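This briefing is for a reader new to the structure.

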Amino acid sequence: MRLAQATCPANITILPGKFQMSEVLVLYYSRNGKVAQLARLIARGIEEVPGMQARLRSVPPVAPLTESAAPPVPDEGAPYVEKQDLRECAGLVMGSPTRFGNMAAPLKHFLDSTGAEWASGALVGKPAGVFTSTSTMHGGQESTLLSMMLPLIHHGMLIVGIPFTEAALNRTQSGGSPYGASHVAGITGENPLSEDERTLARALGRRVAETCARLAGQ
Ligand SMILES: Cc1cc2nc3c(=O)[nH]c(=O)nc-3n(C[C@H](O)[C@H](O)[C@H](O)COP(=O)(O)O)c2cc1C
């Protein structure tokens, strides 16, 4: 999958492994598809910035007794992330479902394997944003978003949020936060993404990509 060019449902091009510092890595875990929907909107926002592209990548699920519960290539969705993606990206937007007010284990499992990239400074000085989805309105979106920033700060990344100049942030009745993009899915995942949630996800992608472009002097 990584060697072949593929297109995700939002018509975002998933490039083959060639190196482009104009790519923002959208890295996520999603069990039931809500975080994946946010990821595609963020990717769209990134690609609204001239010269910038999104590289969508996911992480495999983990099993309690084994290192990995999945085959090396996913059956569907974004390819699994490789360490090279961290080195090659101009910036990162990272998403996870909320699990007990925190990120899900598969994403943490991947982050815990990035010691070499931490030591080499692969992400130092690169912009980063975060996103999540919860079942409930007060189920820990902000604690998840804030705690997802911590490993990125250790990696030396520059955290980018969503400013209140985004009108949707002032009027949203569900997800969307100054700390990052989010969605309130409902107990059975019955809620579609609201217009404001969609707008704010795109705004986050755009803002991270714009910051990357400015840092690169574009
Ligand atoms: C083990 C577990 C823990 C969860 N913890 C929370 C939580 O703390 N707060 C919340 O509102 N939802 C919680 N959820 C619900 C998920 O965050 C929610 O269904 C999310 O939209 C799933 O995203 P996905 O569709 O990308 O997998 C939890 C789900 C599971 C399976």
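The crossing of α1 and α7 is right-handed, a term used when the near helix is turned clockwise from the far one by less than a right angle, with anticlockwise counting as left-handed. The model is predicted: local features need pLDDT of at least 70 and side-chain atom pairs count only at pLDDT 80 or more, while totals for chains, interfaces and linings use all residues. Residues are numbered from 1 along each chain as its sequence is written.

**The α1 and α7 pair**

- Two packed helices are described by the angle between their axes and the distance between the axes.
- Here the axes of α1 and helix α7 (residues 195-215) cross at roughly 45° and come within 7 Å; axes are lines fitted to C-alpha atoms, for helices over the stretch in contact, and angles run from 0 to 180 degrees between N-to-C directions.
- That angle makes α1 oblique to α7, because angles under 35 degrees count as roughly parallel, over 145 as roughly antiparallel, 65 to 115 as roughly perpendicular and the rest as oblique.
- From α1, the residues L38, L41, I42, A43, R44, G45 and I46 meet R198, A201, R202, A203, L204, G205, R206, V208 and A209 of α7; two residues are in contact if their C-beta atoms, placed from the backbone, lie within 7 Å.
- By class, this contact of α1 with α7 has 10 nonpolar, 2 polar and 4 charged residues, where Ala, Val, Leu, Ile, Met, Phe, Trp, Tyr, Cys and Pro count as nonpolar, Asp, Glu, Lys and Arg as charged, and the others, Gly among them, as polar.

**The whole protein**

- The secondary structure comes to 7 helices and 8 strands; helices (H or I, at least four residues) and strands (E, at least two) are DSSP runs, numbered from the N terminus.
- Of the 218 residues, 44% count as buried; a residue is buried if 20 or more other C-beta atoms lie within 10 Å of its own, exposed if 12 or fewer, and partly exposed in between, with C-beta atoms placed from the backbone.
- Among contacts with a separation of 6 or more, 75% join residues 24 or more positions apart.

**Around the ligand**

- The ligand has 20 residues around it, of which N32, K34, P97, T134 and G139 come nearest; a residue is near a molecule if its C-beta atom, placed from the backbone, lies within 6 Å of it.
- Both α1 (34-47) and β6 (127-134) supply at least two residues of this shell, and α1 gives the most, with 3 residues.
- Sorted by class, the shell has 5 nonpolar, 12 polar and 3 charged residues.

**T98 and G139**

- T98 is found in the loop between β5 and α3, and T98 counts as buried because 25 C-beta neighbours lie inside 10 Å.
- Leaving aside neighbours within four places in sequence, T98 is in contact with T132, S133, T134, G139, G140, Q141 and T144.
- T98 and G139 are 41 residues apart along the chain, and their C-alpha atoms are separated by 8.0 Å.
- G139 is found in the loop between β6 and α5 and is partly exposed, with 17 other C-beta atoms within 10 Å.
- With neighbours within four places in sequence left aside, G139 is in contact with T98 and T134.
- G139 also lies 6.6 Å from G101, C-alpha to C-alpha, at 38 residues apart in sequence.

**F100**

- Most residues other than glycine have a negative phi.
- F100 has a phi near 55°, a positive value in a residue other than glycine.
- F100 is found in the loop between β5 (91-97) and α3 (105-111), and F100 counts as exposed because 10 C-beta neighbours lie inside 10 Å.

- E23 lies in strand β3 (residues 23-28) and is buried, with 21 other C-beta atoms within 10 Å.
- The C-alpha atoms of E23 and Q53 are separated by 4.7 Å, although the two are 30 residues apart along the chain.
- Beyond neighbours within four places in sequence, E23 is in contact with Q53, R55, E88, C89 and A90.
- G156 lies in the loop between α5 (141-154) and β7 (158-159) and is partly exposed, with 14 other C-beta atoms within 10 Å.
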